[in-house]
Amino acid sequence: MFFCRTPGSLAWDTWRKNLSLGLLAMTMAVPCAFAKELRIVTIDSAPFGFRTADGKPTGMIYEISNLIAAEAGFTHSNEILPYARTVHAVGSGDADFVIRYGNAELENVAVQVVRVLSLPTIVVGHPSAKFESLNDLHGKTVGIPRGGRFDDAFQADTAILKYPVADYAQTVKMLTARRLDAGIGSSVGLYYNAHLLGIKKEQLGKPLVLSTQHFELHFSKKREDPETIAALRSAVARLEKRNAINAIVNKYLSSFDWDLASK
């Protein structure tokens, strides 16, 4: 018996063929970068990256990094590492990116993709202290977290006595115990740790705002590819438009004015 195709069956075959071609085109249009998992590292410094009492990783930059990767369409992992090891991880290609302040060592091994968060560098002292300029710090002992470089003019001023401390928490403890005249660092770092220690803003002096430093997304040169970088940059722009990044910062620091106007 001879069977012939009806006009309806031919139309069905054509529609199915066109659908297959359309799905193939859509698949090919998705950048290959979106198929890979991004490996992120975050600095081990509260509130930027730390672990809760039960060992769960969290933190302001930890959350922001995850949000950016998800917004860009990537699956991802995120490991909290000591400050210096984040540079090694990115430089060796063991990590795709880190969001942190830059330095010469990091800039040699990573591409600076986009500024993610700008924070004022401040000097804060006792409530009675009146710091209007760096000159007011001459002869004063100022706590500075080890490895931190927060303001070039401050660093170059040899009349200021710089006392290295382990972290922001130690700065605030020594300051309130009057073992330091002042402490320097990011507004978020100092104020968040004061908050954790139960110190209210009235227990600290008016901050001297020195400059603005930037948390930038640094992408490993060993793992660099244009599509991934473009996707991350666009993701940050969209999140900024929705004020999503500042919302995370405010979640960690609502009792202090962290977003101070820089000079």
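Reader: In this predicted model, which elements are included in what covers the buried residues of H7?

Author: The model is a predicted one, and in it helix H7 spans residues 187–196, of which 8 of the 10 are buried, so H7 is largely enclosed by the rest of the structure. Those buried residues are Ser187, Val188, Gly189, Leu190, Tyr191, Tyr192, Asn193 and Ala194. The cover over them includes strand S2 (50–51), helix H2 (60–71), strand S6 (110–125), helix H6 (168–176), strand S9 (182–186) and helix H9 (244–252).

Reader: How do H6 and H7 pack, and what is the angle between them?

Author: Two packed helices are described by the angle between their axes and the distance between the axes. Here the axes of H6 and H7 are 8 Å apart, and the helices pack at an angle of about 65°. Because angles from 65 to 115 degrees count as roughly perpendicular, H6 is roughly perpendicular to H7. H6 passes H7 in a right-handed crossing, and the angle asked for is about 65°.

Reader: Which residues touch the most other members of the largest nonpolar core?

Author: The largest nonpolar core holds 65 residues, and its largest share, 8 residues, comes from S6. A second, separate core of 9 residues includes Val41, Leu81, Ala95 and Ala110. Within the largest core, the residues that touch the most other members are Met60, Ile68 and Leu217.

Reader: Is Arg178 buried or exposed, and what is its relative accessible area?

Author: Most residues other than glycine have a negative phi. Arg178 is not a glycine, yet its phi is positive, about 65°, and its place is in the loop between H6 and S9. Since exposed means over 50% relative accessible area, Arg178 counts as exposed, with a value of 56%.

Methods:
Residues numbered from 1 in each chain as written. Predicted model: local features only at pLDDT ≥ 70, side-chain atom pairs only at ≥ 80, totals over all residues. Heavy atoms only, no water. Buried < 20%, exposed > 50% of the residue type's maximum accessible area, 1.4 Å probe, protein only. Helix = DSSP H or I, 4+ residues; strand = E, 2+ residues; numbered from the N terminus. Contact = heavy atoms within 4.5 Å. Core = buried A, V, L, I, M, F, W, Y, C linked by side-chain atoms within 4.5 Å. Axes fitted to C-alpha atoms, helices over the stretch in contact; angles between N-to-C directions. Parallel < 35°, antiparallel > 145°, perpendicular 65-115°, else oblique. Left-handed = near helix turned anticlockwise from the far one by under 90°.
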